[in-house]
Amino acid sequence: MIHPSAIIHPGARLGVNVEVGAFSIIGEHVEIGDKTVIGPHVVIAGRTRIGCDNRIYQFSSLGEAPQDKKYAGEPTCLEIGDRNTIREFCTFNVGTAQDVGITRVGDDNWIMAYVHIAHDCQVGNRTIFANNAQLAGHVHVDDWAILGGFTGVHQFCRIGAHTMTAAGSVVVQDVPPYVMAAGNTAGPYGINAEGLKRRGFSPEAMLALKRAYRTIYKSGLMLDEARTKLKEDVVGHPEIQPLIDFIAVSKRGIIR
């Protein structure tokens with residue numbers, strides 16, 4: 001159902017059974033997939049493509065120009081996948097020409113109120129962003145990550161898969177996969193054991209990851225030495241490989 005007070009540009013493309021609430025505005029270059037529900041007072045602008053079965057609550061603003069002084073109106077994009085829940089007052093911006101030009105949010109994400117996802121961020125699948133989690137530009141968040149309320153992430157940081165941040169964390173370096181982070185500035189506090197258990201990791205895998213964590217953070221080894229040790233331990237425990245790969249490509253360094 002399209003509410004009569006909604007304003008939808010004739011150039012916008014809406015799929016089958018899309019609902020648009022009262023006073024919402026859909027821009028010219030917007031594409032919305034089947035069965036997506038858009039609440040009242042939502043603004044979807046820019047070159048924004050939204051997939052199927054999403055639920056977008058009232059007062060959100062998606063696809064507006066990035067909050068970047070270098071932006072000069074280039075035709076950059078926002079892409080949102082399928083089955084996402086986006087709660088009230090969320091703001092997602094399009095990308096910039098200084099990066100890949102696309103801000104991406106994957107599938108099955110649970111994004112609570114007042115979340116900001118800035119230009120050129122890349123968010124994976126099945127993440128949870130609690131209220132007021134904020135991503136600066138160019139941040140990458142991998143699958144299954146959980147950001148606690150009021151978590152702030154510095155630009156160009158990466159949040160690894162299966163991680164969790166505590167409420168009020170200020171992240172200024174990369175958070176490796178499986179690690180829990182907390183504090184201002186955020187530091188490591190063990191592995192996300194409860195999350196891994198819920199996702200079906202075996203006791204043996206969790207034990208191997210705990211040992212890997214100790215190798216990185218408790219052994220006294222330099223990071224290159226810890227990586228060498230992890231390469232020895234990965235035999236028989238493939239769950240460790242994402243840690244090795246993550247550390248190898250980290251640009252801001254991992255939290256310490």
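Visitor: Is Arg49 buried, partly exposed or exposed, and why?
Guide: Arg49 counts as partly exposed, because its relative accessibility is 41%. Keep in mind that this is a predicted model.

Visitor: Which side chain does Arg49 meet in a salt bridge?
Guide: Glu79, with an N to O distance of 2.5 Å. The pair links distant parts of the chain, with Arg49 in strand β8 and Glu79 in strand β11 (residues 77–80), 30 residues apart.

Visitor: And how many salt bridges does the structure hold?
Guide: There are 10 salt bridges in the structure. Another one joins Asp53 and Lys35, whose closest N and O atoms are 3.9 Å apart. Asp53 lies in the loop between β8 (47–50) and β9, and Lys35 in the loop between β5 (31–32) and β6 (37–38), so this pair ties together parts that are 18 residues apart in sequence.

Visitor: Are those two buried or partly exposed?
Guide: Asp53 is partly exposed, with a relative accessible area of 36%. Lys35 is partly exposed too, at 46%.

Visitor: What about a pair within a helix: where do Lys229 and Asp233 sit?
Guide: They are in helix α3 (residues 223–233), four residues apart, so about one helical turn separates them. Lys229 is partly exposed at 34% relative accessible area, and Asp233 is partly exposed at 23%.

Visitor: Switching topic: how much space lies in the largest pocket?
Guide: About 290 Å³. Of the 14 residues lining that pocket, His138, His140, Phe156, Arg158 and Lys251 are the closest to its centre. The lining has six charged, four polar and four nonpolar residues.

Visitor: And the largest cavity, what lines that?
Guide: Its lining is Pro177, Tyr178, Val179, Ile191, Leu209, Tyr213, Ile216 and Leu243. By class, that makes eight nonpolar residues, with no polar and no charged ones. Helix α2 (residues 203–217) gives the most, with three residues. The cavity holds about 30 Å³ of space, and a search of the whole structure finds one cavity of 30 Å³ or more.

Key: Residues are numbered from 1 along each chain as its sequence is written. This is a predicted model: local features need pLDDT of at least 70, side-chain atom pairs count only at pLDDT 80 or more; totals for chains, interfaces and linings use all residues. Side-chain values use heavy atoms; hydrogens and water are left out. On a 1 Å grid over the protein atoms alone, a cavity is a set of points where a 1.4 Å probe fits but cannot get out, and a pocket is an open set with protein on both sides within 12 Å along at least five of seven lines; lining residues have an atom within 4 Å of a point. Grid points are joined across faces, edges and corners, and a volume is the space filled by probe spheres set on the points. Helices (H or I, at least four residues) and strands (E, at least two) are DSSP runs, numbered from the N terminus. Ala, Val, Leu, Ile, Met, Phe, Trp, Tyr, Cys and Pro count as nonpolar, Asp, Glu, Lys and Arg as charged, and the others, Gly among them, as polar. A salt bridge is a side-chain nitrogen of Lys or Arg within 4 Å of a carboxyl oxygen of Asp or Glu. Buried means under 20% relative accessible area, exposed over 50%, partly exposed in between (1.4 Å probe, protein chains only).
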